[in-house]
Structure formats: C-alpha cells, structure tokens
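I opened this notebook to record what I looked up in the structure shown below. The entries follow the order in which I consulted it.

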Amino acid sequence: MNALRLLVQKPWIWSFAATAIVWFITIMFTGGASAAGLSQAALTFAAFSIIVGIGQMFVITLGPGNIDLSVPAMMTLSGTVALKLMGVDNAMILPGLGVAVLLGVAVGIGNYAFIKLLRIPPIIATLSMSFIVQSMAIWTNRGIRIKPPALLADFTTSSFFGIPNVAIVAFVLSVIAWVLLQKSVYGRWISAIGQSIPAARMAGIPVDGVRLATYVLCAVLASLCGYLLASFSGGAALNMGSEYLLMSIAVVVIGGTAVAGGDSNVPGIWGASLFLFLVVSMLNTYGLGAGIRLVMTGIIIIAVIMVAGGRKRGRA
Amino acid sequence: MNQAMNSHSQSVPVVEARDVKVSFGAVRALAGVDLVIRPGECVGLVGHNGAGKSTIVNVINGGLSPHEGTIAYKGEERGRTGIAAARGHGIRCVFQELSLCPNLTVIENTRIMHRALTGWGWRGRAAAAIRSKLDEIFPGHRIDCSRAVGDLSIAERQMVEIATAFADVGQAPKLVILDEPTSSLDASLAEQLLAHVRTYVAGGGSVIFISHILGEVLSTATRIVVMKDGRVVADRPTAEFTQAGLVQAMGSVVAEKKDARVARALTTSEPILSLPPRHGRGLPFKAFRGELVGLAGLSGHGQTDMLVDLYHSRSGNWLRRGNPQVAFVAGDRGYNGTFPLWSILNNLSVASLTDLSRASLIDERHEVELGEEWKRRIAIRTPDMENGILSLSGGNQQKVLFARALAVRAPIVLMDDPMRGVDIGTKQEVYDIVRSEAENGRTFIWYSTEMDEICICDRVYVFNSGAIVAELTRNDINEENILAASFTEAVTREAVA
C-alpha cells in the first residue's frame with residue numbers, strides 16, 4: 001500500500017499509465033495479433049525521441065527560458081555530414097560518429113556563445129543558430145541522398161533478442177543520464193541553477209561552465225540522434241529533424257519534468273516517448289486521416305499535461 | 001497605559017483567536033493559542049525561532065486556517081475566514097519574507113495590494129497614496145516610486161512594503177501586522193518606523209509587532225505576548241516587563257556579554273585579502289587571517305555589493321576552483337540563499353559537494369553525516385533533514401545557510417547581514433561558532449545592521465554611498481563613532497580618479 005502511494009507520487013508515473021492504456025486499446029482493436037510488432041515499432045521510434053528528449057531535459061532543467069530550438073537542424077547536419085564522410089564505407093563508421101559528436105560540441109558552444117556574449121535569450125539564440133546549422137546542412141547535402149554504410153544500416157535496423165538495437169542505445173544513454181542527474185555533482189548543480197541562479201552562484205557553483213556544458217550535452221545528443229536516424233532511414237533528408245522540435249519538448253513536459261526548471265526525471269522521457277508514438281499508431285489503426293490525427297494528438301497531449309499538472313506537488 | 005487598556009477593553013476586539021491549533025505533519029506549530037487584539041493597542045509578540053509567531057500571524061491574516069479553534073473578526077464568531085475576509089476587516093500584513101513582485105514598479109505593487117485602485121488614472125492615485133505614506137513614515141526616504149522593486153535595496157523594499165500596508169486607499173487599515181519589520185532597516189529608519197507605530201496606535205489603530213530586538217518591543221508595545229513551543233506563556237502589559245524578565249519568559253539564558261575582543265596579536269603582517277578603494281573613493285580594504293572584520297554604516301550603502309563583488313572575483317564562474325577561497329552567507333534568503341525545491345540536507349550540502357564526492361559522484365552517506373553533524377552543532381529544529389527547506393521557520397533556514405558556508409573549507413567567510421530574524425539564543429550560538437572558527441584562523445567579513453554584532457568585531461569599516469569612509473579598531477568601535485562615521489562623505493582620491 002505504502003509502495004503504491006510512493007509510486008503514485010512519482011511525476012513520471014502518469015506518462016507510463018497513459019502509455020499502457022493506449023497500448024492496450026490499440027492491441028484490443030487489432031485483436032491482439034500485432035502485440036509484438038507494435039511494441040517493437042514503438043521501442044524503435046521512441047528511441048530517437050528519447051535521445052533528443054534527454055538532451056532537451058537537461059537544458060530545461062536549467063530554469064525558465066532555457067530551451068534548445070536548434071535540435072532539428074543539428075540532427076539534419078550531423079546526419080548529412082556523417083553520411084557524406086562515411087561514403088558507404090564500413091571502415092569509416094567510427095570516424096563518422098566522431099565527427100558527429102564534434103559537430104555537436106561545436107554547435108553547443110556556438111549556442112552558449114550567442115546566449116552569453118550577445119546576451120540573447122536562449123529561445124532566440126538557439127533559433128538563430130538553427131538557421132545557420134540548417135543552411136550548412138543544405139550546403140553539404142546539395143540534394144544528394146547518400147546511403148549509410150551497410151554495417152551501420154544493419155545495426156540500426158536490427159534487434160537483439162527482440163529488442164531493437166537503437167532502443168538499447170537509448171537505454172544505455174538514459175542510464176548514463178540518470179546517474180548524471182541523480183548521483184553526480186553536475187546533476188545537483190543544474191538543479192540548483194534551475195531554482196535560482198544568484199543562489200547557485202553564491203553557493204560556489206560555476207554557473208557559466210555548467211550551463212555551457214549542458215548546451216553542449218544537448219547538442220551532442222541531438223547530433224548522435226541525427227547520426228542514428230539517418231542510418232536507420234537509409235540516408236539523411238533535409239527535413240528529417242523537423243518533427244523532433246516539438247517532440248523533444250513534449251516528451252520532457254509529459255514526462256513530468258518541471259517546466260520552471262530545477263526538477264527533472266529520466267524515466268518520464270521513456271513513458272512520454274512511447275506514449276506519443278503509440279497515440280499516432282492508435283489513430284492510424286482506426287484509419288483516421290492525417291488532419292484528424294494531428295488534431296487528436298494535440299488534444300491528447302494537452303489532456304495528459306492537464307492530468308499530470310493537476311496533481312499536488314509534494315512539498316512538505 | 002493601564003488607563004488606555006481599560007478604556008478599550010469594552011470595545012469589540014479587532015480579532016479574536018480562541019484555542020487555535022495548527023500542525024504541519026509531525027511538527028506542532030500551535031498548541032492551543034488564545035490571542036485577542038483590541039483597537040488602540042500595539043501587541044509585541046516575542047519568542048524564539050519556531051515558537052509559532054509567524055504561524056499565529058498567518059492564521060490571523062487568513063493565510064492558514066486553524067485545524068482546531070476559532071478565529072473571529074470584529075466579534076463575528078461564525079464569520080467568513082480566509083485572506084479576503086481578513087483584508088475586508090482591515091487586517092494588513094508586512095511579511096518577514098518580503099512579498100513584493102520584483103519585476104513591477106512600486107506603484108504597480110501598491111495596486112496589487114489595494115484592489116480598490118481601479119478604473120482610469122489608478123496609477124496617479126496609487127502614486128499619490130504610496131508617496132504620501134512613505135513621506136509620512138520615512139521622511140526624506142528618496143525612493144522613486146516609478147522604479148521596479150527589484151532595483152531597490154532590501155531596506156527600501158521593506159520600507160515600501162510597510163508603507164503599502166499602512167496606506168489608506170478606500171479602506172483604512174485596522175490591524176497592521178509587522179513581522180520583523182526593522183531587521184533590514186538601520187537604526188534611524190527603525191526609529192522612524194517605531195515613532196509612526198506609536199502615533200498610529202494612539203490614533204486608535206492596532207498593531208502586532210514581532211521583533212527579536214527586545215528594546216524595540218519594550219519601547220513600542222503596549223502589551224507583550226511571549227510565545228514558546230506553540231503556546232502563549234506570558235501575556236501582560238509592557239510596564240510589567242523588563243528586558244531580563246522578557247528573556248527569562250522566553251526561556252533562554254543570555255550569556256553574560258563577554259568582551260569578544262580578546263587582545264589578539266595579529267601575527268601575520270601580510271593581509272589575506274586587500275582591495276583598492278571602491279569606485280576610486282574612500283579607504284582601501286584589508287583583512288587579516290583569523291580576523292572578524294565588520295562592515296557598518298546605514299543599510300544599502302554598498303556593503304552587500306562589496307561582498308558580492310568580492311565573492312565573484314574569488315570564485316570561478318566557468319570552472320570550480322579545487323580549493324574554494326570564499327564562502328558566502330546570504331541575508332536575502334529568497335534571492336541568493338535557499339533552493340526552494342530542495343530538502344534541508346541538499347540545501348546545506350550544496351556548497352561542499354565536491355568534497356563529498358568521489359569521481360564526481362556524490363557519496364550520499366557522507367552527505368547525511370555532514371547533515372547530522374551540523375543539525376547537532378547549530379541546532380536546526382526539524383525531525384528530519386529530508387524535509388523541504390521551506391518547512392523550516394525563517395530563522396532556522398538562516399541556520400542552514402550558516403552551516404552551508406561553515407562546512408566549506410574556505411579560509412574567508414563573507415556574511416551579508418545574515419542574522420535578520422534570528423532569535424537571541426541562536427545568535428549567541430552562532431557568535432560562539434564564529435569566534436572559535438576565527439581563532440582557528442578563519443577570516444570573517446561581516447556586514448550587519450545590528451550594532452551589537454558590529455561591536456564584537458575586531459575591526460570595522462564604515463560605508464557611505466558605496467565607499468569606505470572610516471576604519472575603526474578595538475576600543476574605538478562603539479555606536480557613537482560608527483553613527484558619526486556613517487554620515488561622512490568619502491573623499492575622492494586624486495591619484496585614482
């Protein structure tokens with residue numbers, strides 16, 4: 001009984017409850033035939049939103065106004081550049097990954113440089129950055145679609161004992177993020193900064209250093225996600241990141257992270273990512289048109305946020 | 001004064017609390033309190049941190065509903081309760097935690113507290129009301145009412161909040177609750193406020209006056225109520241109390257005021273810290289190892305700015321230094337002190353996390369040990385260090401901030417008037433800790449608005465308009481010299497300027 005009460009107080013429980021309900025409804029509709037297939041697809045597609053969502057979560061934890069809108073452009077750029085560099089050569093897989101990470105570091109530093117040196121609010125700074133990054137992607141890509149190296153394409157599309165490899169990657173990254181957030185000094189520091197920058201500064205926290213590291217972390221995760229997604233879908237496309245802008249923010253919010261900052265959690269990102277994918281596939285199973293589907297998705301997201309937001313925030 | 005009491009005793013009480021009980025989880029904040037406030041009296045409310053003063057005040061202003069017992073305004077036994085009802089009966093509150101919106105101007109903040117200011121030209125009427133009240137209570141205050149509250153100093157914000165509470169817009173205040181109103185005001189402003197309280201009470205208004213400075217309570221209140229552990233332990237006219245009797249009633253023994261300044265030879269001739277004159281004016285600043293350096297002067301004359309600049313220049317904003325040089329104790333808790341979402345323990349340990357961790361992962365067992373050690377050393381009143389920081393009373397939150405700074409290995413501790421709202425018993429404990437730490441070689445730089453604290457320092461710098469105008473040592477440190485120096489203007493140094 002006590003354990004149950006503790007569970008209900010967790011902010012991420014709602015996203016998992018919603019996921020279970022939607023999963024169940026969809027399975028009921030198809031008569032249980034597609035349970036395994038649906039779960040596998042959900043894990044695969046959720047994995048990408050989980051990876052970008054974790055990065056966005058760290059940034060949102062930094063407090064009101066902190067957000068990274070350059071996520072989609074970052075994904076596109078790292079996908080195009082890495083695939084072009086690898087040029088279908090299996091030997092270039094690791095160098096390609098390295099370049100993707102370096103691009104993330106560069107864009108992250110660029111984002112924070114805009115915020116700090118030009119004193120622009122993060123929402124504008126990262127949006128301007130995203131135009132620069134997107135233009136670079138267009139310039140490198142020039143409309144040519146390059147296939148990923150066979151080994152990498154295989155890895156991203158296959159499973160290990162029924163669990164998609166990309167989901168395993170996302171899981172490993174989530175565990176690292178969880179340790180970072182809950183157990184490390186860095187996690188305490190970002191939570192402190194999210195609650196009050198002046199108080200954090202006067203408690204000896206290197207505020208600028210921590211914020212820079214967080215924007216870099218977010219860009220690197222977006223970049224990794226772009227690398228994997230481009231390999232998964234058989235080549236980079238210029239619009240491949242676009243749906244991940246709203247997605248990265250929605251999974252953080254639905255997952256129970258405080259939008260005002262200072263209070264975050266990793267499990268919620270999983271629940272929310274699975275939920276968002278399942279909502280779309282549920283509406284698909286009902287055979288609804290694209291327009292209705294988008295409207296319904298929006299309404300369901302708002303409903304979940306209202307239910308989750310209506311709960312009492314446990315404060316002694 | 002007995003006469004005054006008698007003449008009012010027949011009249012209907014402004015507010016009447018009967019057998020009020022409130023508890024927060026396991027903590028019993030009020031264990032059956034009776035409090036009756038009549039028109040024309042100033043009730044002084046005293047007691048230790050956590051005695052329940054703020055809680056009973058919150059019950060009276062409608063912010064908390066009692067779990068047991070009744071609250072009646074103007075004798076309406078079964079009337080409405082709640083914040084709106086309390087305001088409707090003319091009850092106004094000046095909070096210990098300043099409650100103005102920092103992003104709004106003084107005029108806009110007046111509008112928030114006074115709903116009657118509606119329709120065309122409310123700005124003009126609000127400006128007139130707040131300006132005249134400020135002029136009345138604090139003559140010569142120099143506050144520009146069109147400025148955002150966030151730009152004002154903490155003393156100015158407190159003045160605005162007081163003036164807002166006393167302002168008469170459509171409806172006159174009947175009972176004004178002042179919770180530690182003088183703690184961030186310097187002596188001259190405090191005296192202006194107390195004078196206004198006396199006039200207001202003489203005119204038939206009522207005031208509940210909470211203060212840890214017993215002299216103020218004795219000189220201003222007509223009746224004194226002493227609280228201890230959520231109960232009223234004494235309720236008598238002021239004339240029947242003396243300072244010693246009051247302290248005894250509160251249940252604490254004040255240590256004999258010993259001369260803190262044991263003649264200590266400053267063996268090191270090399271200062272641990274030295275700064276050129278601020279803004280090119282006045283005297284340079286120096287601090288030696290193991291010294292207690294006081295920063296005095298009227299409040300808001302650049303003492304806090306100097307501490308903050310000092311801190312910023314000696315701690316990394318991009319990387320944390322391996323050995324922290326400075327630690328900081330905040331006075332403005334809500335602004336640069338507490339982390340409201342966190343537990344007491346997390347708030348305490350935040351500045352020493354790098355010492356508590358291995359490979360940058362926090363050792364939680366060490367953290368708990370640190371928390372228990374300081375809970376014992378500085379007597380933080382809580383059943384569990386995992387409780388939220390906001391579950392503590394203001395004074396106890398301040399103790400946590402103290403522990404946070406003292407737990408850091410830094411050789412220099414900066415204190416930004418941290419004793420605001422802390423009771424006498426705790427103050428004595430903290431003074432003792434500060435003294436023993438100083439003997440072990442730590443340097444304390446201490447800005448304080450309270451003369452007693454300044455007087456236990458080894459050396460004192462007096463500020464005026466952002467610059468140091470005087471340096472006092474040893475036997476020259478007394479109220480008279482400090483006040484005299486506070487009004488001296490700094491001379492511009494030709495060489496620097």
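This is a predicted model: local features need pLDDT of at least 70, side-chain atom pairs count only at pLDDT 80 or more; totals for chains, interfaces and linings use all residues.

Entry one. I then checked its length: at 1.5 Å a residue, the 14 residues of α14(B), 394–407, should span 20 Å, and the end C-alpha atoms are 20 Å apart, which agrees.

Entry two. I turned to a sheet in chain B. Six strands form this open sheet in the order β5-β6-β7-β3-β8-β9, with mixed pairing. Strands β5 (91–94) and β9 (231–237) of chain B stand at the edges with a single partner strand each, so one side of each has no neighbour in the sheet. Neighbouring strands are turned by 15° against each other on average, direction ignored.

Entry three. I looked up one pair within the sheet. β3 (42–46) and β8 (223–228) of chain B are parallel and share four bridges. Leu45(B) has Val225(B) in β8(B) as its bridge partner.

Entry four. Helix α7(B), residues 187–202, lies across β3 and β7 of chain B, at about 150° to β7(B). Helix α9(B), residues 243–250, lies across β3, β8 and β9 of chain B, at about 30° to β8(B).

I examined a hairpin formed by β18(B) and β19(B), with two residues between them. The two strands run antiparallel and are joined by six bridges. Tyr461(B) stands opposite Glu471(B) in β19(B). In the turn, Ser465(B) has a positive phi of about 45°.

Notes
Residues are numbered from 1 along each chain as its sequence is written. Chains are lettered from A and ligands numbered from 1 in the order in which they are written. Two strands pair if DSSP finds at least two bridges between them. The expected span of a helix is 1.5 Å times one less than its number of residues. Axes are lines fitted to C-alpha atoms, for helices over the stretch in contact, and angles run from 0 to 180 degrees between N-to-C directions. Two residues are in contact if their C-beta atoms, placed from the backbone, lie within 7 Å.
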